[in-house]
Amino acid sequence: MTRCAVFGTGSWGTAFAMVLADAGCEVTLWGRRAALVEAVNTGRTNPDYLPGVELPEGVRATTDPAEAARGADFTVLAVPSQTLRANLAEWAPLLPADTVLVSLMKGVELGTAKRMSEVIEEVAKVPAERVAVLTGPNLAKEVAARQPAAAVVACVDEDVARRLQTACHTAYFRPYTNTDVVGCELGGAVKNVIALAVGIATGMGLGDNAKASLITRGLAETTRLGLAMGADAHTFAGLAGMGDLVATCSSPLSRNNTFGTNLGRGMSLAETIAVTKQTAEGVKSCESVLDLARRHGVDMPLTETVVEIVHEGKPPLVALKELMSRTAKPERH
């Protein structure tokens, strides 16, 4: 039987643990808080993040990272992006020598502008062939409810991607493989930034034309950056690109969309953070995505605008006027 360790008991880590168990894997969740681990093991539920959802018998939990990692064929990392480096430095010595490290995270590291797979390779000292990424339109609550969903599992080693595909393929969760790790990760990271923009537009009372324009131009920004970094343009037309972008920008289940909506309604950054129970990755990643774009000489006006609103206090109405007054140009650019 395939053994999987899932580090992180948030909504997406827990939902993906359910997928793995439903696919026939033996799954151990690692959590920092003993009370939550006890709830998983005795009540078969995660009351903090997926209340009312019964977890499969194939999922158990522990606060001991060594116990979680023991014998794991796949080690799934489902912690906030900006905490990955510190957490993985603690866990890396405990990991089996041949485990495949799987990133569920959709962000870019502040300061280094590194993608999550790059951080994993560096900290765990593993080759790219042992790092995989799972991404796509996967809102955790829908997956936990076993509603139909598709995803992409990406690895430079196609055989590893196929192994992971088998490990998480269920009647309701359909994974596709891809070897374009760069494109898949960028699609997942930048869509959170664009979802903030769409949420801000919603909060401002703007209509569907504006939101459709933001989604479409956001995809153009993501593709420009991806091509500059060697990604495959086709990736951004697929589940990791357009698929994830549409789900995150249009669903009230999206943390980034909801966060942006509160900002657009006039709440301050501090007020919005206070009412947000889980991490909205785009809030911090918008700065690192913009850093990444500047390092590659790529123009990303929507990302820059989100940074100005979220971190520099620019009023959304002022930012909108500036965006609309930009010099007109052909759409292909």
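At roughly what angle do the axes of helix H4 and helix H5 cross? The views below start there. This is a predicted model, where local features need pLDDT of at least 70, side-chain atom pairs count only at pLDDT 80 or more, and totals for chains, interfaces and linings use all residues. Residues are numbered from 1 along each chain as its sequence is written, and side-chain values use heavy atoms, with hydrogens and water left out.

**View A. Helix H4 meets helix H5.** The answer is roughly 35°, with the axes of H4 (residues 84–91) and H5 (residues 116–124) coming within 9 Å. Axes here are lines fitted to C-alpha atoms, for helices over the stretch in contact, and angles run from 0 to 180 degrees between N-to-C directions. Helices are DSSP runs (H or I, at least four residues), numbered from the N terminus. H4 passes H5 in a right-handed crossing, that is, with the near helix turned clockwise from the far one by less than a right angle. Leu84, Arg85, Leu88 and Ala89 of H4 touch Met116, Val119, Ile120, Glu122, Val123 and Ala124 of H5; contact means heavy atoms within 4.5 Å. Sorted by class, that makes 8 nonpolar, no polar and 2 charged residues. Ala, Val, Leu, Ile, Met, Phe, Trp, Tyr, Cys and Pro count as nonpolar, Asp, Glu, Lys and Arg as charged, and the others, Gly among them, as polar.

**View B. A salt-bridge network joins four residues.** Arg85, Glu109, Lys114 and Glu122 are linked up by salt bridges. A salt bridge is a side-chain nitrogen of Lys or Arg within 4 Å of a carboxyl oxygen of Asp or Glu. Across the whole structure, a search turns up 20 salt bridges.

**View C. Helix H13 packs against helix H14.** H13 (residues 282–295) and H14 (residues 301–312) sit with their axes 9 Å apart, at an angle of about 140°. That makes the two helices oblique to each other, since angles under 35 degrees count as roughly parallel, over 145 as roughly antiparallel, 65 to 115 as roughly perpendicular and the rest as oblique. The crossing of H13 and H14 is left-handed. Among the residues making the contact are Val283, Cys286 and Leu290 of H13, plus Val306, Val307 and Val310 of H14. The tally for this contact is 7 nonpolar, 2 polar and 3 charged residues.

**View D. Leu290 sits in helix H13.** With 8% relative accessibility, Leu290 counts as buried; the label means under 20% relative accessible area, with exposed over 50% and partly exposed in between (1.4 Å probe, protein chains only). Leaving aside neighbours within four places in sequence, Leu290 touches Thr303, Glu304 and Val307. The C-alpha atoms of Leu290 and Ala113 are 8.9 Å apart, although 177 residues separate the two along the chain.

**View E. Arg294 pairs with Glu304.** The closest N and O atoms of this salt bridge are 3.5 Å apart. Arg294 is in H13 and Glu304 in H14, so the pair ties together parts 10 residues apart in sequence. Arg294 is exposed, at 55% relative accessibility, while Glu304 is partly exposed at 30%.

**View F. Asp299 pairs with Arg326.** Here the closest N and O atoms of the salt bridge are 3.2 Å apart. Asp299 is in the loop between H13 and H14, and Arg326 is in the segment after helix H15 (316–324), 27 residues apart. Asp299 is partly exposed at 34% relative accessibility, and Arg326 is partly exposed at 40%.
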